[in-house]
Each structure stands twice: as structure tokens, then as C-alpha cells.
Amino acid sequence: KLELDARMGALGLLQQLPDSPPMNFELNYREGFRLLLPELSRLKNASQTLSAAVMLDLHRGDMTSATANLRAMVALDNRWDEPLLISQLVRISISAIAYNAQWEWLQATNATDDQLAALQRDWTELDFVHSMEKAVMMERAMAAKDLQVFRSSNTPPAYSGSWGSGWSSGSGDWLDDLKDGVLALRRKAGFQLWRASWSYTDELNQLKG
């Protein structure tokens with residue numbers, strides 16, 4: 001209770017989401033699979049905070065606040081839609097948290113018709129199918145771009161430290177150093193073969209997927 005009371009300002013801002021424009025974190029999708037997504041954990045944490053607020057509101061018998069917090073949870077998904085598979089999985093997770101909170105909300109006996117209608121509209125607007133389709137298209141484009149980078153570089157960013165890493169810095173044991181050197185050469189040779197040949201099979205399998 002004390003923690004939620006300390007976050008009343010943040011909860012008030014979140015309650016404005018149903019009437020707010022879509023959220024856009026201006027991601028640079030050209031970074032491909034090296035793209036950082038710090039917003040994911042924060043959005044899920046926000047949904048968990050809202051869920052706890054709904055439980056507290058129900059305990060207090062405050063349906064107005066409980067409805068506002070519940071609608072804010074659904075709005076997190078309705079106002080945020082990144083074309084990435086991991087983002088869509090987080091959206092599904094947030095909707096599950098909202099679903100469980102709404103089940104508790106539905107057990108109350110003092111919900112109004114207007115509150116029920118507002119929640120029904122919110123859930124009706126929620127879309128995962130088209131969002132997931134866009135995410136698959138984006139991931140396909142990102143994979144194609146990364147494959148181009150891998151084929152044009154001896155040390156692709158995703159493999160730095162593994163492919164073409166050369167000899168080790170030395171462990172003091174000549175036999176271990178020799179094994180490390182042989183392993184590094186095998187990795188580098190394997191990558192060159194993959195880049196020239198196997199990468200096209202991998203690309204085809206990725207496109208089929």
C-alpha cells in the first residue's frame with residue numbers, strides 16, 4: 001500500500017493512456033538484432049504496478065480508480081505496438097496480466113454499465129494478429145540485412161570474440177595455447193565456408209520460416 005501510494009503520480013499519468021496517442025520509442029531498426037530495447041522491462045513493470053493498484057482499489061471498494069487502472073493496463077498494449085517479435089511477446093504478457101486483474105475486477109458487485117462498456121471497447125481494439133504479421137516482416141528484413149553484413153565482413157559483429165578471434169592471449173601452458181589456436185583457426189575457416197556457401201542455405205531456411 002505504501003509503495004503504491006508513493007507512485008500515485010505515475011499511476012495518474014498511466015491512467016491517461018486510453019485517451020493518449022500511440023507511444024513511439026523511435027527505435028533505429030537499422031541496428032538489426034543488436035537493437036537495445038530497455039522499454040520492454042519498464043512497460044511490463046508498469047503493467048504489474050497497475051495490476052497491484054487494481055487489487056488495492058478493489059479492496060478499498062473504489063471501482064472508479066480500479067477501472068481507470070485496469071483500462072490503463074489494456075491501453076499499454078493498444079497504444080504501443082513495435083514490429084518486433086520480442087515486443088509482441090511482451091504485449092501478450094501484459095494482456096495476460098490485465099486479464100487476470102480484470103477477472104478479479106469482474107467479481108465486484110458495483111461495476112456500472114458504462115465501466116463495462118468502456119472495458120469492452122478497449123479489449124475489442126486490441127489486435128495481435130496484424131501486429132505479429134508486421135513483426136515477422138520486420139524480423140525478416142533485419143535478418144536479411146544482418147546476413148549481408150556477415151557476408152561482407154571477416155568478423156561479423158554478432159560473432160566478434162568467436163569467429164576470427166585469432167590466437168588466445170596465452171594461458172602459460174603451451175599445449176592449451178596450441179589447442180586454443182587450432183580452435184580459433186577452425187572457427188575462422190568454418191565461418192569462411194559458411195559465408196561463401198552455407199549462409200545461403202541458412203537464409204533460405206529463415207525465409208521459409
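Partly exposed residues are those with a relative accessible area between the buried limit, under 20%, and the exposed limit, over 50%. In this predicted model, Glu203 falls in that class, with a relative accessibility of 21%.

Five salt bridges were counted in the structure. One of them joins the side chains of Glu203 and Arg151, with an N to O distance of 2.8 Å. Glu203 belongs to helix α8 (residues 174-208) and Arg151 to helix α7, so this pair ties together parts that are 52 residues apart in sequence.

Salt bridges with shared partners also connect Asp81, Arg91 and Lys134 into one network. Within it, Lys134 pairs with Asp81, and the closest N and O atoms are 3.6 Å apart. Because Lys134 is located in helix α7 and Asp81 in the loop between α4 (63-78) and α5 (85-106), the pair ties together parts that are 53 residues apart in sequence. Lys134 is partly exposed at 45% relative accessibility, and Asp81 is likewise partly exposed, at 32%.

A further salt bridge links Arg34 to Asp146, the closest N and O atoms lying 3.1 Å apart. Arg34 is found in the loop between α2 (8-14) and α3 (39-60), whereas Asp146 is part of helix α7 (residues 129-151); the pair therefore ties together parts that are 112 residues apart in sequence. Arg34 has a relative accessibility of 34% and so counts as partly exposed. Asp146, at 5% relative accessibility, counts as buried, because the buried class covers values under 20%.

How values were computed. Residues are numbered from 1 along each chain as its sequence is written. This is a predicted model: local features need pLDDT of at least 70, side-chain atom pairs count only at pLDDT 80 or more; totals for chains, interfaces and linings use all residues. Side-chain values use heavy atoms; hydrogens and water are left out. A salt bridge is a side-chain nitrogen of Lys or Arg within 4 Å of a carboxyl oxygen of Asp or Glu. Helices (H or I, at least four residues) and strands (E, at least two) are DSSP runs, numbered from the N terminus. Buried means under 20% relative accessible area, exposed over 50%, partly exposed in between (1.4 Å probe, protein chains only).
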